[in-house]
Amino acid sequence: MTQAKKTPAKAKTPKLITTVDSTFPIVGIGASAGGLEALEIFLANVPENSGMAFVIVQHLDPTHKGIMVELLQRGTSMKVFQIKDRMRVEANCVYVIPPNKDLSILHGVLNLFAPLAPRGLRLPIDFFFRALAEDQQEHSIGVILSGMGTDGTLGLRAIKEKGGSVFVQLPDSAKFDGMPRSAVDAGLADVTSAVEELPANINAYVHHAPLFTKPNLSTGSGQHLLDEDQAKSSIEKVILILRAQTGHDFSHYKKTTIHRRIERRIGLHHMDNIAAYVRFLRENPQEVELLFNELLIGVTNFFRDPAAWESLKTEALPKLLAKRAPQQTLRAWVPACSTGEEAYSLAMLFEEALDSLKPHKTVKKFKLQIFATDLDLHAIERARAGVYPQNISADVSPERLSHFFVKEERGYRVSKSIREMVIFAPQNIIMDPPFTKLDLLTCRNLLIYLTPELQKKLLPLFHYSLKPDGILFLGTSETIGGFDDLFAPVDGKMRLYRRLETGQPAQGVEFPTAFSKARPSPSARLIKPSVNIQSLADSLLLQTYSPAAVMTNENGDILYISGRTGKYIEAAAGKANWNIFVMAREGLRYELSSAFQIALRKKETVTLKDVVIGTNGGTQRINVTIQPIQDGGELRGMVMVVFNDVAAPPISKLSAKPARGRGAAAKNSGELKKQLDYSRMELQNVREEMQTSQEELQSTNEELQSTNEELQSTNEELTTSKEEMQSMNEELQTVNNELQAKLDELSHVNSDMKNLLDSTDIATLFLDNNLCVRRFTAQTSKITQLIPADVGRPITDIASALLYPQLAEDAREVLRTLVKVDRQISLPNGDWFGTRILPYRTLENMINGVVITFTDITESKKLEAKLRKSSEK
């Protein structure tokens with residue numbers, strides 16, 4: 001890596017400019033543990049004069065003075081600055097957040113804030129990314145590099161919602177993959193690649209020529225723009241491809257939204273025209289899914305627009321509850337719920353509203369059933385799981401986190417009581433029928449993406465779905481338009497409306513209808529499949545001659561029926577129940593249940609012979625075979641129950657003469673006695689099993705209770721310790737990287753100093769304030785007989801060839817007066833040295849010993865002696 005010229009950190013500071021220059025992109029970069037190395041690689045690969053600005057937000061130790069600016073400056077030719085309050089962003093510059101600060105941006109000006117969250121719970125990357133999304137809108141770009149935790153994920157959601165782009169370091173290439181993996185798992189990453197490839201990808205995306213939107217006039221590049229007819233034709237083709245693969249029609253979405261999202265995908269693929277992208281869509285179904293998810297705009301968070309939610313809690317809900325009977329269950333619908341944050345927010349708010357109204361009314365009898373729907377099946381699955389990352393603490397207060405969530409390894413899970421209030425289901429609000437008889441309808445930030453024509457159809461539909469005085473809750477950028485006769489404002493500023501009874505009749509409401517299924521062509525109806533005689537014959541034989549049989553699971557639930565089983569089992573009255581023991585006819589139920597359990601327990605075939613069952617007006621003798629399937633691949637663990645009719649024994653004329661009444665009574669008595677014996681036996685077995693199980697469960701329960709208390713206490717301690725340790729670990733990792741870089745630099749400085757001292761051929765001796773040896777050069781050993789083991793010893797204890805007994809006294813004098821001492825000293829062999837003693841000054845201008853230099857002046861002394869002799873002659 002070539003080292004760029006160093007620019008002093010304070011050589012030039014970006015000036016505050018009065019006009020806003022938005023012709024260059026601002027790239028927000030989030031990093032944490034292991035991020036320094038990734039940042040150095042990233043900046044080293046940024047193209048020269050890229051025209052982009054980079055704002056780096058990293059987790060830093062608030063008590064440590066950072067040197068990141070100096071470290072990053074070594075590897076890039078761009079100027080690197082530590083951010084100061086109200087600093088204007090300029091192109092081809094890098095800006096680094098200072099420690100212990102939160103960062104925001106407004107009209108291209110960076111603003112610093114004191115952090116509000118306690119140390120260990122701060123989310124500076126989320127904070128800045130959200131501000132960047134609001135400031136730069138669809139031009140915002142977010143980058144996530146190595147780091148622990150999930151900071152940045154919520155901020156990336158905001159960038160995606162505004163139409164910006166997200167670039168993420170490949171998790172496998174990151175030292176710590178927590179932050180990159182969180183962004184990828186959330187489905188927010190547009191491009192995932194190694195860190196050295198990210199700058200080129202960003203540069204290619206940024207310099208992609210726009211196809212639909214008007215270019216900036218300063219660029220002067222309009223040759224790539226499509227005319228209106230070309231754009232309309234291309235968009236229609238994309239919508240048709242989407243409809244064919246997903247079944248959803250996006251023709252009712254606003255054209256600007258569709259244009260922006262499609263153009264963003266084209267830019268990410270570095271394509272030059274829409275025709276190439278249409279062809280790419282047809283060849284790659286996966287890209288269709290990605291575009292589909294892009295158009296869904298599945299971005300949300302808990303209690304978005306807190307003031308609006310507070311108004312719902314304090315104004316709208318109390319008025320609604322006052323008009324409803326306490327025993328009834330209120331119904332709410334949240335269309336376009338995405339991953340469930342809005343639906344759960346409503347559930348939590350309802351609980352809080354009930355608690356606040358408790359002293360005035362017995363409101364606890366109220367219940368709320370929330371129906372939350374969305375197009376995105378993946379989002380619905382995540383909403384049903386109810387698990388959210390730790391950084392939701394930026395939107396959810398500590399009180400709500402402790403009351404409505406359960407802390408887990410992956411983050412926070414909504415509590416059981418809140419989860420049970422919400423039913424999630426996939427639904428297309430444009431094509432599927434709506435929910436009705438609603439007390440509350442929350443449709444926030446959906447209408448803004450739909451055409452005005454569709455909005456005019458949906459608002460009467462919402463009116464139809466709500467009960468009298470029902471509440472409609474819209475987003476802050478949405479209104480009811482001209483439907484003042486359908487809704488009255490509860491709080492117009494917060495977009496809360498009440499349903500009016502004076503609206504249009506139900507006949508005027510246009511209900512959504514799904515696409516009609518395509519009818520087969522006449523030619524298709526005329527084509528008949530070829531007849532397979534063998535399969536038809538096999539089917540006839542099975543139906544006519546094979547015994548009736550039933551396939552069940554180990555609980556007796558019927559999975560498959562073969563043949564005519566109506567004589568042996570029948571559907572019971574009441575709620576449908578496909579269990580064979582419930583459906584067994586009279587006379588078979590008890591024997592079948594007992595034999596079924598024996599067959600399962602012993603894993604062998606059991607046969608019941610001559611079982612008499614009741615049929616329609618008579619009886620039938622049958623044999624029943626219960627066969628557990630032990631080997632059969634996918635059928636393993638199932639049970640086959642086979643029924644075979646048995647011919648009735650011949651009845652003699654003599655035995656037929658007894659009185660009918662006495663015979664029927666004896667028969668009924670025998671049947672009842674048989675059932676009673678079976679019931680007693682079964683009851684005894686159940687009683688013994690229950691008693692044994694109860695004793696074991698009681699013992700296990702006591703142990704588990706004790707263990708649970710210990711684990712709960714330990715878990716709380718570990719959770720607290722883990723959060724503190726994780727925060728500390730990230731900060732230490734950053735400090736360690738900085739110190740390692742400082743150590744490398746110090747090693748270079750030491751090497752330079754050693755080579756400098758050796759090259760001067762001047763003997764140098766360093767003493768501390770106690771005149772103990774601290775360091776010396778190789779030339780000093782020839783004069784003073786010093787060896788490496790003498791470091792730390794007083795100079796007065798070391799033998800020397802110098803005829804300089806007052807060395808220690810002169811050194812003390814220099815320490816006292818801070819005035820240098822120069823002397824000429826001779827050696828026994830006749831050599832002479834010029835000795836100079838100076839105070840040792842640190843960079844902080846502190847005296848920390850003395851420096852003694854010995855310069856060889858033997859030649860000068862000999863020349864001086866010759867000159868003296870010459871002058872005497």
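Visitor: Why does I580 count as buried?

Guide: Buried means under 20% relative accessible area, exposed over 50%, and partly exposed in between, using a 1.4 Å probe and protein chains only. I580 has 0% relative accessibility, so I580 counts as buried. Before we go on: this is a predicted model, where local features need pLDDT of at least 70, side-chain atom pairs count only at pLDDT 80 or more, and totals for chains, interfaces and linings use all residues. Residues are numbered from 1 along each chain as its sequence is written, and side-chain values use heavy atoms, with hydrogens and water left out.

Visitor: What is I580 in contact with, leaving aside its neighbours within four places in sequence?

Guide: Contact means heavy atoms within 4.5 Å. By that rule I580 touches V550, T552, G556, I558, I569, L592, V641 and F643. Take V550: it is 30 residues from I580 along the chain, and their C-alpha atoms are separated by 8.6 Å.

Visitor: Where does I580 lie?

Guide: In helix α19, residues 580-583. Helices (H or I, at least four residues) and strands (E, at least two) are DSSP runs, numbered from the N terminus. The protein has 24 helices and 30 strands.

Visitor: How much of the protein is buried?

Guide: Buried residues make up 42% of its 873 residues.

Visitor: What puts the buried residues of α1 on the same side?

Guide: In helix α1 (residues 35-44), the buried ones are G35, L36, A38, L39, F42 and L43. They cover an arc of only 160° around the axis, which puts them on the same side of α1. That arc is taken from the directions from the helix axis to the C-beta atoms. As a general point, an α-helix has 3.6 residues a turn, so residues three or four places apart point the same way.

Visitor: What makes F42 and F54 an aromatic pair, and of which kind?

Guide: Rings of Phe, Tyr and Trp (its six-membered ring) pair if their centres lie within 6.5 Å; planes under 30 degrees apart count as stacked, over 60 as edge-to-face and the rest as tilted. The count comes to 19 aromatic pairs. F42 and F54 are 5.8 Å centre to centre with 80° between the planes, an edge-to-face pair. This pair links distant parts of the chain, F42 in helix α1 and F54 in strand β2 (residues 53-58), 12 residues apart. Both F42 and F54 are buried.

Visitor: And why is the pair of F128 and F129 called tilted?

Guide: There are 50° between their planes, with 6.5 Å centre to centre, and tilted is the word for the rest, neither stacked nor edge-to-face. F128 and F129 are both buried.

Visitor: Which residues do ring pairs link into a cluster?

Guide: F302, Y344, Y388, F405, Y412 and F424.

Visitor: How do you know that the charged end of K407 sits over the ring of Y412?

Guide: The rule asks for NZ of Lys or CZ of Arg within 6 Å of the ring centre and within 35 degrees of the ring normal. K407's charged end sits over the ring, 5.3 Å from the centre. Likewise, the charged end of R444 sits over the ring of F473, 4.5 Å from its centre.

Visitor: What makes β18 and β20 a pair?

Guide: Two strands pair if DSSP finds at least two bridges between them. Strands β18 (residues 466-474) and β20 (residues 496-499) have 3 bridges and are antiparallel. In β20, R498 is the bridge partner of I471, and R498 is also the bridge partner of A488.
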